[in-house]
Amino acid sequence: MNIDQLYRAMSSIKILRCSVGEVFSTLANGLCADHGEEGKETKFLLEIQELLSSATQHLRDVEQAVGALSAPPGPFNLGNSAFLSQESTQDRQQLYSQLVLTYKWTDKIHEYSNMAVSLMTQNSLKRSNTNSSTAKRKKTQTSSHNVPPQTVDNVINSIDRLFPDMNLSFTRPFHTNVVLQVSLGHILQAAVAFRGLMIEWVVVKGYGESLDLWTESRHNVFRKLTENAHAAMLHFYSPTLPDLAVRSFMTWLRSYNSLFNDPCKRCNNHLQSGLPPTWRDLRTLQPYHEECKP
């Protein structure tokens with residue numbers, strides 16, 4: 001049912017009730033001084049005739065508005081809103097149309113929620129290589145976040161030897177997990193938080209800024225690099241080959257050693273929207289602007 005048509009029908013009925021009430025009020029008052037002394041009966045009858053004609057016209061409007069309504073498919077479950085018909089206050093009589101719109105909005109929310117649940121249950125992207133159906137039948141495999149500290153130290157030292165132009169240092173503020181501090185020349189510095197050999201968080205800042213895991217850089221270019229580093233962190237994640245995942249990520253991060261020198265491979269410009277090419281292709285490591293990346 002169209003709620004606008006229903007509202008017009010209700011408004012027509014209200015106007016008809018007012019018109020009929022005015023007819024009875026005029027009849028109850030009878031002749032008065034406003035009709036004058038000469039021909040006051042005729043004036044009174046003409047006034048009653050005009051009011052009846054107006055009421056007849058309003059009745060036709062009601063019939064037309066009601067005829068345009070379509071029958072509901074089934075009975076409405078009004079609940080406590082059924083008592084609104086007993087209200088005589090005009091402001092409260094408008095609550096019914098608002099309740100109908102609220103019910104429709106709630107039904108749409110339920111429909112969209114069910115669709116979202118069905119789509120999310122089909123998503124197989126998980127940061128785990130353990131199948132939940134077989135987890136009870138066999139021993140859980142060792143994950144990348146559960147490795148000895150010595151293994152993590154060996155991987156970081158091998159990366160340090162592999163990329164001599166990158167300065168690496170690490171600390172263990174929480175005794176077990178490593179926070180790796182990366183300095184790439186006078187261009188940028190990054191803090192990489194590990195959980196075992198799994199990268200959990202990355203913050204990229206400019207050279208000379210205070211480096212920590214909790215605050216963003218004050219420069220837009222390095223805030224954009226932090227967003228791209230999070231995307232690369234998830235892209236290179238591998239539960240079966242965690243050391244390779246870390247080396248691939250560090251190789252990708254090292255490609256920013258020419259951040260302010262290399263032009264974009266698509267538009268061949270150094271700057272776009274006031275920023276250099278802040279995206280590096282995850283396979284070829286070629287520089288692109290955010291608007292130009294493939």
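**Notes on the predicted model**

1. Ser273 counts as exposed, at 63% relative accessibility, where exposed means over 50% relative accessible area, buried under 20%, and partly exposed in between (1.4 Å probe, protein chains only). Ser273 sits in the loop between helix 7 and strand 5, and its phi is near 60°, a positive value in a residue other than glycine. Asn268 is placed in the loop between helix 7 and strand 5 (279-280); Asn268 is not a glycine either, yet has a positive phi of about 60°, and with a relative accessible area of 56% it is exposed.

2. Residues are numbered from 1 along each chain as its sequence is written, and side-chain values use heavy atoms, with hydrogens and water left out.

3. As to the overall fold, the protein has seven helices and six strands, taken as DSSP runs numbered from the N terminus (helices H or I, at least four residues; strands E, at least two). Read from the N terminus, the order of elements is α-α-α-α-α-β-β-β-β-α-α-β-β. Of the 294 residues in the protein, 31% are buried. Among contacts with a separation of 6 or more, 43% are between residues 24 or more positions apart, a contact being heavy atoms within 4.5 Å. The accessible surface comes to about 19700 Å², and 54% of that belongs to carbon and sulfur atoms; the areas come from the Shrake-Rupley method with a 1.4 Å probe, and for residues only the protein chains shown count as cover.

4. Which residues touch the most other members of the largest nonpolar core? They are Val182, Phe249, Met250 and Trp252, in a core of 39 residues, where a nonpolar core is a set of buried Ala, Val, Leu, Ile, Met, Phe, Trp, Tyr and Cys residues joined through side-chain atoms within 4.5 Å. At least two residues of this core are supplied by each of helix 5 (149-162), strand 1 (166-171), strand 2 (179-184), strand 3 (188-195), strand 4 (198-206), helix 6 (220-235) and helix 7 (242-254). Helix 6 gives the largest share, six residues. Another core, of five residues, lies apart from it, and includes Val179, Ala191, Ala193 and Leu213.

5. Trp252 deserves a separate look. Leaving aside neighbours within four places in sequence, Trp252 is in contact with Asn228, Ala229, Ala232, Phe236, Arg280, Asp281, Leu282 and Leu285.

6. Glu22 and Ala55 are 33 residues apart in sequence, with 9.2 Å from C-alpha to C-alpha. Met10, Ile13 and Val66 make a nonpolar surface patch of about 260 Å²; patches are made of residues with over 30% relative accessible area and no salt bridge, with like charges joined within 9 Å and nonpolar side chains (Val, Leu, Ile, Met, Phe, Trp, Tyr) within 5 Å. Val66 belongs to helix 2 (residues 40-67) and is partly exposed, with a relative accessible area of 42%.

7. On the cysteines, the structure holds zero disulfides, a disulfide being a pair of cysteine sulfur atoms within 2.5 Å. Cys267 is in no disulfide, the nearest cysteine sulfur being that of Cys264, 3.8 Å away; Cys267 is partly exposed, at 24% relative accessible area. The sulfur of Cys292 lies 3.9 Å from the closest cysteine sulfur, in Cys267, which is too far for a bond, and Cys292 is buried, at 7%.

8. The count of salt bridges comes to eight, on the rule that a side-chain nitrogen of Lys or Arg is within 4 Å of a carboxyl oxygen of Asp or Glu. One of them joins Lys205 to Asp212, with the closest N and O atoms 3.4 Å apart; here Lys205 is buried, at 2% relative accessible area, whereas Asp212 is partly exposed, at 23%. Glu200 pairs with Arg195 at 3.9 Å between the closest N and O atoms, and Glu200 and Arg195 are each partly exposed at 37%. Glu290 and Lys293 meet in a salt bridge at 3.3 Å, N to O, with Glu290 partly exposed at 21% and Lys293 partly exposed at 32%.

Technical notes: Predicted model: local features only at pLDDT ≥ 70, side-chain atom pairs only at ≥ 80, totals over all residues.
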